[in-house]
Structure formats: C-alpha cells, structure tokens
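Take a look at the sequence and structure first, then read on.

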There are 2 protein chains.
Amino acid sequence: MHTDLVAALDIGGTKIAGALVDDSGHLLVRAQRPTPAHEDGETVMRAVEAVLEELAASPLWPAVGAVGIGSAGPVDASAGTVSPVNVPGWRDYPLVARVRRAAGGLPVGLVGDGVAMTAAEHWQGAARGYDNALCLVVSTGVGGGLVLGGRLHTGPSGNAGHIGHISVDLDGDPCPCGARGCVERIASGPNIARRAFDNGWRPGPDGDTSAAAVAASARGGDTIATASFERAAQALAAGIAATATLVEIDIAVIGGGVAGAGEVLFTPLRRALREYATLSFVRHLTVAPALTGTDAGLLGAAAAAPRRPAVAAAG
Amino acid sequence: MHTDLVAALDIGGTKIAGALVDDSGHLLVRAQRPTPAHEDGETVMRAVEAVLEELAASPLWPAVGAVGIGSAGPVDASAGTVSPVNVPGWRDYPLVARVRRAAGGLPVGLVGDGVAMTAAEHWQGAARGYDNALCLVVSTGVGGGLVLGGRLHTGPSGNAGHIGHISVDLDGDPCPCGARGCVERIASGPNIARRAFDNGWRPGPDGDTSAAAVAASARGGDTIATASFERAAQALAAGIAATATLVEIDIAVIGGGVAGAGEVLFTPLRRALREYATLSFVRHLTVAPALTGTDAGLLGAAAAAPRRPAVAAAG
C-alpha cells in the first residue's frame, strides 16, 4: 500500500500529461490530453481538469498527498500563475489555485519546465549525486535549470536557469525576447536548421528541414551542416561556461531533441567548453546527455510537489 | 565589553589590511602593511603575520572568536589555499592553515575579494535587505559576488560571482584568461581607457590616461570618451542581465574605482539593461552604486568569519 504518492502534471504547448508518482519515481498511473493551445483559457483548464479526473478515478488516489506542476514558462511560482508563450489564453493564469480546487484542496507546487527537467535529472538522471549542476533542454527553444548546494535553485519566481535567454553575442542577431545574441537565438533546433539552410544546405528527397535532418547530413560529412552544429555548440559552451563561472557547477546535462544529434553536438561542445571555461575552478566541468527522456517533465513535476513534513507523514 | 569580535584580513596585491570588527560592523582596531607582492611567499606571509601581531596587541584581542579573510583570487575555500594573480609567490598557498597558526588556533574563514565585497554590501551597504543580489567591483579587473535566497552564495571553492570572466561576445577579443569577449575585457578601467585611446581620445596636459580621466572627458562632452563608457556599460548590462536570467536577482550593486565615474557609467548602464534584461522575471532589476567604500574588504572579511553557534555564544 502506497501512502505517499504525488500527482504530477506536465503542461506544455502540445500535450497535458499527468501521473501518480511514488517516492521512488515510479509512474504508477498515467493520463494525457492534447493541449487546446489556441482556445480560450477556460477550455485549456478543462483539459487539465480532465487529466486530474482520470487520475482521481484510480484506486490509488486516496494516497496522494500533494500535486506538482511543471509548466511551459514563464511561470510565477510566488503568485501561482503561468503565462506560457505558446498558450495565449493563459496570461497570469491562476493555475495553482485552479488545480488546488480541482484536486480537492491538496497542496500544489509549481515550477517552470526547465526547472522540472532539472529536478528529474537530479533525482533519477545524469545529474544524480551532483550538488551543483546545470541542466539544459535544447529543442524548439533552449531552457534550463540549476541545482546549487544539493538543492534545486528555482529563484523566487520559479524561472531560474533560463540559459536560453542570456546573451553570448551582445551585438548579435535580435532575439524574439527583445535582446540580442541569446543562446537560444543561435543554438535552438530551428536556428540550427535556418542557419544551415541560409548557408546553402538543402534537405534530402523527403524535404525534412529539421535540425535532425541537418544532424544526419553532418554525420554524412556535409561541412555546412557540421558548421551549423559547431556554431550552436559554441553558443552553448559560452552559456554553460558563464553559468559555471557565476555559480560554480560540476556538470552540465543536456536533453531535448537537439541533444539527440549525439556526437555531432557533443564533440564540438566539449571542444568549445575548453575555450570558454578557463578559470581554475571551472576547468573540471563535464558535459553529459540527459537520461530521463520523455518522462522528465512528469518526474520533475513530482519532485516539485510540496513535501509533507516528516512528523505529519508519520502521524 | 565586547564578547563577540572577529579579526578581519583584507589581502590584496597592494596592501594587507586588518581590523577587529564587532557584530554591528564597527572597525575598532586597524592595522596595515604594504603587500610585498613580488617577494617570495614566506615574505608575503610575514607581512600578514605582522598585521595579526599588531591586532593581537590590542586589549580587545581576547574577545576575538574567529578570523575572516577576503583575498585576491582565485582562492580555494575548500582547500584553504590562495593563488592571487598579482602575488606570484603564493600558488596554492595554505593561507588558512598559516593564519590559524598565527592566530593561536582560532577558526578561520576564507572568501575571494569579490565575495567579500558582496558580503559587505549585503550586511551594511546597498544590497542590505535584498535576498537576491549581484555585487560587482569594476576597477583594474571586474569581480563580483552573489547573494541568493538571503545568503552569500560562495560556491564550493569560494569563487562564485566571477562575472568579469563570462563571455558576452563569443567572437570578441581574446582575454588574458584564455576565453574571448569577457566582461572584464570590455568593461575594466584599463580597457575603457585603452579603447578610448585607440579611437583617438587623448589625455589633457597632466598626461593622465586612466579611466577616471576618460570619465572627466566624457563629462565635458567628448564623444569618444562617452562611447568607450557606453561600450563598457553595454558589456556590464549583458553580464548583469545574464546573471539575473540564470539565478534571479533583484539588484546589481556596483563598486570599484570605475563606479566613481557616476552617471557617465550608470546612465548608459541602466539604458542597456532595459535592452538585455527582457524577460518578465528580470525586468524589475535595479542598479545602485556600492556604499561601503574602502572598508568593504574588511567588512566582508569579517562577515565571512565562521560564526560561533548561538548556544556556544550564550554559554
């Protein structure tokens, strides 16, 4: 009999996933709905409620003590609100209060999706056992999170670790965020693909112009495709080195679809890190691929659920 | 009768300063020696010992419970060693053990000078009352330190907050640290002066080519001098915005000689921050000049001294 489960919600622009998770990180019951991302806010909320209702129908539900949410950002953990870029119907949307009501008053925790992935990698993945780590999600965007002094560092608003929007090229191309030369503007999947295309790379007969297709070309020896990944690796290295120099980290864990490029990304990334991480206290920094895969969001959301005090759990 | 004093040591490339400091931050007894920076390591240590001996001669010395050291970096707080760039005789020098012996076995704390300045500003200066702050020292180099969640974030080796050596221009000029486009390479006093000179600025009859002289020209309307400060401000803004985006901070406090340029630096810095600090959770970030002045190193060293547990202090 489980007595200490949490309900985890992973809310993205494409799907809303839920699970009941035990304290070993096992996902015992799952539910999922597509995100009606372009509908009004109440319609999106009804999809969240449908996921929760499906979880609440499980005979394990009475053992659930808390809810953890990992959401596409920005989030405001102190206000309990979310404003996901890809869900326009939610702006300063009071997600924590609405989920608490839908979950019968259980305590609810909220973190951004980069922080959630970091919690997952620190709990079950490549950052396990590291007291100081940076985890990155490199896909359509570039997100991240930090573990400092053995604990998740969320920041007061739950957005810390936003490495995609630090500028590593202060005179560089304008970024949709308003700044210039952000890591995401250089290293995200769409930007890797766009840069390759602009420099003359062309897709194969299937017409696939994704970063994965560029990676396949690079593995086949295409120099333009290789150069686009090298530039992304350079930007990631500058951002990772900046993070290590600012807060001291021992490992950078990289997940997301672009990390699937494997050595096409990791070989130039390790080389570039040696160029940018130069001070004595950051030179030992290592880089590793993420391990928690598609369940990272749910695992991380579970890790972000409020803990019951030990004394209460014993009572 | 004071019962809870600390002995503070501020060790730089020019001077070794010491003081007995009470728990309100009053400097009660002072001592100072020039740093024999180009002598061998033992000669430098004898200057430290002379400062400690002068402090120990005070009738207040029996109330001293601990020693705090702020040292030019890099330092290694976990090993208790220092390797100050400008003191070649000290490389992995066991400063903590040597000071403990010279101070009769008292517990000794060690932090880098950027962290010490941050501790001082958080205790007595412009960062007082802020739970999340970045403090910078902009002078011959660019150093810094972080307060996160209400506490000094030193990192395991005591070097966290090294904002001078994050790259904000990944294709930029080589930095002596080995990387490219570091904040220090663009924004330090010597680099502000060099850039102005390279672009045609010339000193007045006194021949002063310092950043302070460039600042005076800027105040007089010289466009080349103004542009050099604007470029420094842009690099500082990109670095400060990166820090806020990574760890969430509410204020950036700027001290050091270059901060003495006043609005020549702060006006373009605030403008550039609005360009680089764009995400919702960093837009409120403010910038303020440091308040603790020349005693910052000693105050910060005092703040870094190991605390006696409250129960022991009461006994």
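A residue counts as buried if 20 or more other C-beta atoms lie within 10 Å of its own, as exposed if 12 or fewer do, and as partly exposed in between, with C-beta atoms placed from the backbone. What you're looking at is a predicted model, where local features need pLDDT of at least 70, side-chain atom pairs count only at pLDDT 80 or more, and totals for chains, interfaces and linings use all residues. Residues are numbered from 1 along each chain as its sequence is written, while chains are lettered from A and ligands numbered from 1 in the order in which they are written.

- A:E248 is buried, with 24 other C-beta atoms within 10 Å.
- Its phi is near 65 degrees, a positive value in a residue other than glycine.
- You'll find A:E248 in the loop between α7 and β11 (251–255) of chain A; helices (H or I, at least four residues) and strands (E, at least two) are DSSP runs, numbered from the N terminus.
- Over in chain B, B:E248 has a phi near 65 degrees and sits in the loop between α7 (223–247) and β11 (251–255) of that chain.
- B:E248 counts as buried because it has 24 C-beta neighbours inside 10 Å.

**Cis peptide bonds**
- In chain A, G73 and P74 are joined by a cis peptide bond, with omega about 0 degrees, and A:P74 is in the loop between β4 (64–71) and β5.
- In chain B, a cis peptide bond links B:G73 and B:P74, and B:P74 belongs to the loop between β4 (64–71) and β5 (75–76).

**Where the chains meet**
- Contact here means that the C-beta atoms of two residues, placed from the backbone, lie within 7 Å.
- On that basis, 37 residues of chain A touch 37 residues of chain B.
- On chain A's side, α7 (223–247) and α8 (263–276) are the elements giving two or more residues, and α7(A) has the largest share, with nine.
- That side of chain A has 19 nonpolar, 15 polar and three charged residues; Ala, Val, Leu, Ile, Met, Phe, Trp, Tyr, Cys and Pro count as nonpolar, Asp, Glu, Lys and Arg as charged, and the others, Gly among them, as polar.

**Domains of chain A**
- Chain A is split into domain 1 (5–112 + 298–314) and domain 2 (126–290), with bounds that come from an automatic or database domain assignment.
- Nine residues of domain 1 of chain A are in contact with five of domain 2 of chain A.
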